[in-house]
Protein chains: 2
Amino acid sequence: MTAISNKVINRLTLYHCLLKYTCKGNSFIASSKIADLLDLDDSLVRKDIALCGVLGHKKQGYVVAELKKSIEQKLGFSDRKEVFIIGAGRLGTALIHYADFKDYGIDILALFDNNPNKIGKEEGGKRIISLEKLPNLISRINIKNIILTVPPYAAQEVTDYAVKYGVRFIWNFTPTVLKVPKSVTVYNENVISSFMQMQNSKNK
Amino acid sequence: MTAISNKVINRLTLYHCLLKYTCKGNSFIASSKIADLLDLDDSLVRKDIALCGVLGHKKQGYVVAELKKSIEQKLGFSDRKEVFIIGAGRLGTALIHYADFKDYGIDILALFDNNPNKIGKEEGGKRIISLEKLPNLISRINIKNIILTVPPYAAQEVTDYAVKYGVRFIWNFTPTVLKVPKSVTVYNENVISSFMQMQNSKNK
DNA sequence: CTCTTATTGTGATTTTTTTCACATAATACA
DNA sequence: TGTATTATGTGAAAAAAATCACAATAAGAG
Ligand SMILES: NC(=O)c1ccc[n+]([C@@H]2O[C@H](COP(=O)([O-])OP(=O)(O)OC[C@H]3O[C@@H](n4cnc5c(N)ncnc54)[C@H](O)[C@@H]3O)[C@@H](O)[C@H]2O)c1
Ligand SMILES: NC(=O)c1ccc[n+]([C@@H]2O[C@H](COP(=O)([O-])OP(=O)(O)OC[C@H]3O[C@@H](n4cnc5c(N)ncnc54)[C@H](O)[C@@H]3O)[C@@H](O)[C@H]2O)c1
């Protein structure tokens, strides 16, 4: 199986959302329809779909149910991905309530915090646990992914701690740039950058 | 001034975060340092910086304060951008508390909701206003940007409503693909896609 | 004051991504 | 049954992005 670029992953995920929410009534969909809704070239959409191994039907387009399932398979939406959230503040607790995660195999097991008033409480059915218990739990359950939603000043320190005990993927919602070993992947969810990119589109 | 691609915007924003939080002590920074922290090629970093009109110093690198300011200017961080949030739920209220927005010129004026129990309340010093008042306020204050944080089922309806009264940019945090006229820009903040891209990096 | 070295700035090249263009073929309908 | 139409699938071309390679040169060591 060939590697798949981040750009393709992003588009396929959007096609999936489109099939799940926007076009859920239809049984067929044409590449030109997807392209139109997402402001893409239709041949690009067809090439993306071809990567999922799905064949379309002349004059009809793609079978929605089949395409949706194939995207799920290609991107591994049903593989279970266990995650801890570190930082049970406003953003961390918003994320724990995000219903769609489970449809994509993202299973948030618990929240961690260092605020004694929060520890022991529940959010969205998940426990808020003391950060001290992180090492033990990371290694016992073999957690590789964390969502980082602590204040910027605590981000590096918490990262070092988590990396030390085996975390490999850090979904960084803080506006900091983290120092990590080459073996660790950081994905920076930088909302400021998103906003600026949106504004930039006025040039189109 | 030449157009600037979204990829460049994203990297420049990350350089800015790096200068603001990670390297705030230093007076000089080398392209190789930035490249190392963000896992990029150092010549790419220099080309990005050149776009901001900043000149570096042989054997020393770039002056941090100057580079930071030039990125701010290039990306228009100090231009005021007024925004309404529609959907005063968990995510909408988390965003209103996000302190960094104001440093980047993003000024969230108010939240809108259709839940009578929320209307009239405050969040982060901003009023939660009835959605019915949106048309009047959009046109009176001439708001062009909205942050969309309503449930998926309400997303298209709310979008149509906002677009009708003149909104031009929609920062879409819902997992739906919105139908809008060509004159309107939607930026899809799709967290599922981000997570999948992060996981994909294991192939590197 | 000279030499070594680290770092920039950028042209050339390569790689990746997107768009173009069109042959192919299934469908609907007269 | 035949024909017009509307999609797909994909090679070729173009455009965009990233990497490579290295001359230029300022700083700092000695
Ligand atoms: N609020 C947003 O919408 C938003 C948007 C984008 C980015 N961010 C970033 O996400 C992060 C979280 O934002 P927030 O609004 O949820 O902040 P918050 O202050 O509400 O939450 C931070 C949480 O982290 C906990 N914490 C602090 N230090 C800790 C430590 N050392 N170990 C463990 N937990 C610790 C705090 O007790 C608190 O519960 C921040 O870095 C913020 O800049 C927030
Ligand atoms: N919670 C997260 O972390 C998260 C992450 C990514 C995406 N999202 C998406 O963001 C959106 C908001 O998520 P949330 O967790 O804040 O949900 P929420 O249910 O907490 O908030 C939704 C808010 O929208 C309001 N609302 C409903 N219909 C409305 C309408 N027609 N007009 C105006 N307001 C209306 C509700 O009263 C509520 O206050 C959802 O689409 C969700 O899928 C959420």
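Visitor: How many salt bridges does a search of the whole structure find?

Guide: The search, run over all chains of this predicted model, finds 20 salt bridges. A pair counts when a side-chain nitrogen of Lys or Arg lies within 4 Å of a carboxyl oxygen of Asp or Glu.

Visitor: Which residue does Arg46(A) meet in a salt bridge?

Guide: The partner is Asp42(A), with an N to O distance of 3.2 Å. Both belong to helix H3 (residues 42-51) of chain A; because they are four residues apart, about one helical turn separates them. Arg46(A) is partly exposed at a relative accessible area of 35%, and Asp42(A) is partly exposed at 30%.

Visitor: Where in chain B do Asp42(B) and Arg46(B) lie?

Guide: They lie in helix H3 (residues 42-51) of chain B, four residues apart, about one turn of the helix.

Visitor: What parts of the chain does the pair Arg80(B) and Asp107(B) link?

Guide: The side chains of Arg80(B) and Asp107(B) meet in a salt bridge of 2.7 Å, N to O. This pair joins distant parts of the chain, 27 residues apart: Arg80(B) sits in the loop between helix H4 (64-75) and strand E3 (81-86), and Asp107(B) in strand E4 (residues 106-113).

Visitor: Is Arg80(B) buried or exposed?

Guide: Arg80(B) counts as exposed because its relative accessibility is 57%, and the cut-off for exposed is over 50%.

Visitor: Which residues are linked in a network of salt bridges?

Guide: Lys20(A), Asp100(A), Lys102(A) and Asp103(A) are linked in such a network.

Methods. Residues numbered from 1 in each chain as written. Chains lettered and ligands numbered in written order. Predicted model: local features only at pLDDT ≥ 70, side-chain atom pairs only at ≥ 80, totals over all residues. Heavy atoms only, no water. Helix = DSSP H or I, 4+ residues; strand = E, 2+ residues; numbered from the N terminus. Buried < 20%, exposed > 50% of the residue type's maximum accessible area, 1.4 Å probe, protein only.
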